Each structure stands twice: as C-alpha cells, then as structure tokens.
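Me: I have a model open and would like to go through it piece by piece. Can we start with how the helices pack, then turn to the pockets?

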Amino acid sequence: MNLADSAFLRACRRQPVPHTPVWYMRQAGRSLPEYLRVREGVPMLTACSTPDLIVEITMQPVRRYGVDAAIFFSDIVVPLKAIGVDLDIKPGVGPVVAEPIRDAKGLDALRPLEPGDVPYITEAVKALTTELGDTPLIGFAGAPFTLGSYLIEGGPSKNHDRTKAMMYGEPELWHALMEKLSDIVLQHLRIQIDAGASAVQLFDSWVGAVAPDDYREFILPHTRRIFEGVADVPRIHFGVGTGELLGVLGEAGADVVGVDWRVPLDEAARRVGPGKALQGNLDPAILLAPWEVVERKAREVLRRGEAAEGHVFNLGHGVLPDTDPDQLKRLTDLVHEHRR
C-alpha cells in the first residue's frame with residue numbers, strides 16, 4: 001500500500017476509507033508497561049532528546065494496538081528548552097519555567113528555533129518513517145496560546161489569570177509574544193515534516209479558556225499563519241474545552257478539527273461547518289469502565305461521526321495512565337470493523 005492511501009491520511013483529506021482510522025492521543029505513555037520499563041530513571045526531557053528512545057516509545061503502541069498512525073514521542077515544551085528557556089518537566093506537575101515572561105524584556109529569551117537546535121528530532125523522524133513503512137507518522141507542536149500560558153504563568157494554571165491579563169491589558173506585548181512563539185512552532189513543525197512526518201497536529205490544550213471573540217482577535221491570526229506554513233501535509237487542530245470555539249477553530253486553516261468528549265460529533269460537524277474532517281471523541285474515562293460500556297459508547301461515537309465529511313476516531317483527550325492496554329486493543333479492533 002502507498003503511504004498516501006492509508007486510511008488515516010485519506011480520512012484527513014475527506015476521501016473514502018476502507019475502515020474508520022484510529023489513533024490515540026498519549027497512546028505512547030504511562031498506560032503501557034513497556035513504556036514504564038524504558039522510561040525508568042530517565043527524565044522526560046532526556047527521553048525527548050534521545051533518538052533511540054523516541055523511536056522505541058513511538059513504535060510501542062503501533063506494535064501493540066495496530067493503530068492507523070503513530071504520533072511522534074516528544075513534549076510541547078521541547079523547542080522552548082532547545083532555544084535555551086530555563087524550564088523542566090516536573091513529575092506530577094508538568095512544565096515549570098524558572099523565569100516567567102511578563103514584560104517586553106522577557107521576550108529576549110525567545111530566539112528563533114534552528115534545525116541544528118534539535119538534531120535528535122530529525123534523526124528520530126527519519127528512523128521512524130523507515131520503520132513505520134506504510135503507517136503515517138504525525139508530527140506535533142504546542143500552539144502559541146498554550147505555550148505562552150506556560151511561559152507567562154511559570155507553569156500549569158487553572159484559570160490562566162496572568163495570561164489573560166497580558167492578553168487584555170497589554171495587547172501589543174501579547175501579539176509580540178504570539179508572533180515569536182508562532183515562528184518557533186512553525187519551524188518546529190517544518191523540521192518534522194522535512195524529515196518525513198506525514199501529518200501534523202497542533203495542540204492548543206488550554207485555549208478553551210478564552211471566548212470566541214477573544215480567540216478571533218488575539219489567537220486566530222497566529223494560528224492561521226502556522227497552518228498556512230504547513231499546508232503540504234494534513235493538519236489537525238485540537239484543544240480541550242473548545243465546544244464554544246469549534247466554529248472559529250474551523251476558520252484557522254486545519255484540515256481536521258479535533259473534538260473533545262463534551263460535544264457529540266454530529267453537533268460538532270454542524271458547528272465546525274463544511275469542508276473539514278473531525279477527530280475524536282470518546283471520553284478517556286470510559287476506558288476505565290467494563291468493556292460492554294466501552295463498546296456501546298464507541299459505537300455511538302462512530303455513528304455520530306458519520307455526520308462528518310471525514311472521521312478519524314480518537315479519544316476526547318489523552319489516554320489516562322490507569323487505562324488497561326487490552327481495552328485499547330479491543331477498541332482499535334472494534335473501530336476497524338466500522339465501515340462508513
């Protein structure tokens with residue numbers, strides 16, 4: 001089979017597929033015993049800069065589940081670390097930034113990303129595309145709003161108060177920060193594409209914190225510029241809590257809009273509008289329930305997904321650490337039985 005004919009890439013392009021394709025956000029991670037073995041004693045950012053580990057961890061769910069796409073093992077803060085931002089990923093907390101950016105002087109810490117800053121990404125992507133064969137590799141990056149929130153807040157935030165304060169109170173500084181981050185994100189995605197990634201996903205994990213009008217004014221121009229710069233591969237746009245933003249997310253330029261578990265896919269298709277495929281959206285927590293519940297809920301997602309012009313089955317967010325891998329294997333097989 002030609003890589004371009006894979007069910008995943010065809011669904012992204014809204015073309016007919018032999019079966020509904022499926023992959024899972026965080027499919028490579030703490031739910032897999034083989035992942036825990038290779039990560040034992042290895043800090044996250046070390047793992048993300050070691051090509052052999054990147055390849056092994058990326059391949060683990062492909063071998064175990066038979067998913068229709070691999071997603072590059074990394075973290076959204078990797079390019080920030082690569083350009084010299086003083087940050088670390090603390091277990092149980094997440095990314096923590098030593099010197100948050102809260103004024104114009106802080107922007108000086110953000111220099112452009114160069115391919116030479118992340119040679120391990122190029123090396124790992126090239127090795128993966130060889131090993132994956134006809135299975136597509138998804139490259140990814142964090143979106144400017146989410147990266148900006150980590151940089152401004154200094155770490156994870158529940159309400160993104162300081163982030164919004166800059167956005168509303170210092171719009172010129174905000175847009176300057178977004179432009180710098182957009183340059184870094186775009187380069188990060190281009191490095192992965194140039195090395196062989198077949199598609200890309202932009203994670204805007206925290207963007208559900210803003211209202212549609214604010215998204216349009218403060219975020220959309222920057223997201224649109226990123227997607228315009230990677231138009232040579234299918235582009236996926238995903239955020240959490242974005243039910244009220246689905247319409248404007250559809251305007252940002254992606255080919256596929258990711259939907260979290262809060263909005264049924266048939267309603268999401270109406271909100272996003274024509275000309276887009278959808279990705280999602282089984283609640284990850286359902287996988288902790290008995291199989292008969294998982295099966296019933298998954299079939300409902302598949303049924304509602306038929307309202308979309310193309311459908312890539314996924315969860316509404318990442319795989320939870322306590323998920324039984326056997327549940328995901330059974331779910332993958334179930335989805336593969338579905339014919340649109």
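Helix packing

Reply: Helix α6 (residues 119-132) and α9 have axes that come within 8 Å of each other and cross at roughly 40 degrees. The model is a predicted one.

Me: Is the crossing of α6 and α9 left-handed or right-handed?

Reply: The crossing of α6 and α9 is right-handed. The contact involves Ile121, Thr122, Val125, Lys126 and Thr129 of α6, along with His188, Ile191, Gln192 and Ala195 of α9.

Me: And by class, what residues does the contact of α6 with α9 have?

Reply: The contact of α6 with α9 has 4 nonpolar, 4 polar and 1 charged residues.

Me: Staying with α9, at what angle do α9 and α11 pack?

Reply: Helix α9 (residues 171-195) packs with helix α11 (residues 220-228) at an angle of about 20 degrees, and their axes are 9 Å apart. That angle makes α9 roughly parallel to α11. α9 passes α11 in a right-handed crossing.

Me: Which residues of α9 and α11 make the contact?

Reply: From α9 there are His175, Met178, Glu179, Ser182, Asp183, Val185, Leu186 and Leu189, and from α11 there are His222, Arg225 and Ile226. By class, the contact of α9 with α11 has 5 nonpolar, 3 polar and 3 charged residues.

Me: Back to α6. How far apart are the axes of α4 and α6?

Reply: The axes of helix α4 (residues 51-65) and α6 are 9 Å apart, and the helices pack at an angle of about 35 degrees. α4 passes α6 in a right-handed crossing.

Me: Which residues in α4 and α6 meet?

Reply: In α4, Pro51, Ile54, Val55, Thr58, Met59, Val62 and Arg63 meet Tyr120, Glu123, Ala124, Ala127, Leu128, Glu131 and Leu132 in α6. The contact of α4 with α6 divides into 10 nonpolar, 1 polar and 3 charged residues.

Me: What about the second largest pocket, and which residues are closest to its centre?

Reply: The second largest pocket has a volume of about 220 Å³. Of the 13 residues that line it, Trp261, Asn281, Lys297, Glu300 and Val301 are the closest to its centre. Two or more lining residues come from each of β8 (277-282) and α14 (291-305). The largest share, 4 residues, comes from α14. By class, this lining has 7 nonpolar, 1 polar and 5 charged residues.

Me: You mentioned Asn281. Is the peptide bond from Gly280 to Asn281 cis or trans?

Reply: The bond from Gly280 to Asn281 is cis, with omega near -5 degrees. Asn281 has its place in strand β8, and Asn281 is also among the residues closest to the centre of the second largest pocket.

Me: One more backbone item. Where is Arg14 found?

Reply: Arg14 is in the loop between α1 (7-12) and α2. Arg14 has a positive phi of about 65 degrees, although it is not a glycine.

Terms used
Residues numbered from 1 in each chain as written. Predicted model: local features only at pLDDT ≥ 70, side-chain atom pairs only at ≥ 80, totals over all residues. Heavy atoms only, no water. Axes fitted to C-alpha atoms, helices over the stretch in contact; angles between N-to-C directions. Parallel < 35°, antiparallel > 145°, perpendicular 65-115°, else oblique. Left-handed = near helix turned anticlockwise from the far one by under 90°. Contact = heavy atoms within 4.5 Å. Nonpolar A, V, L, I, M, F, W, Y, C, P; charged D, E, K, R; others polar. 1 Å grid on protein atoms, 1.4 Å probe; cavity = no way out; pocket = protein on both sides within 12 Å on 5 of 7 lines; lining within 4 Å. Points joined across faces, edges and corners; volume = space filled by probe spheres on them.
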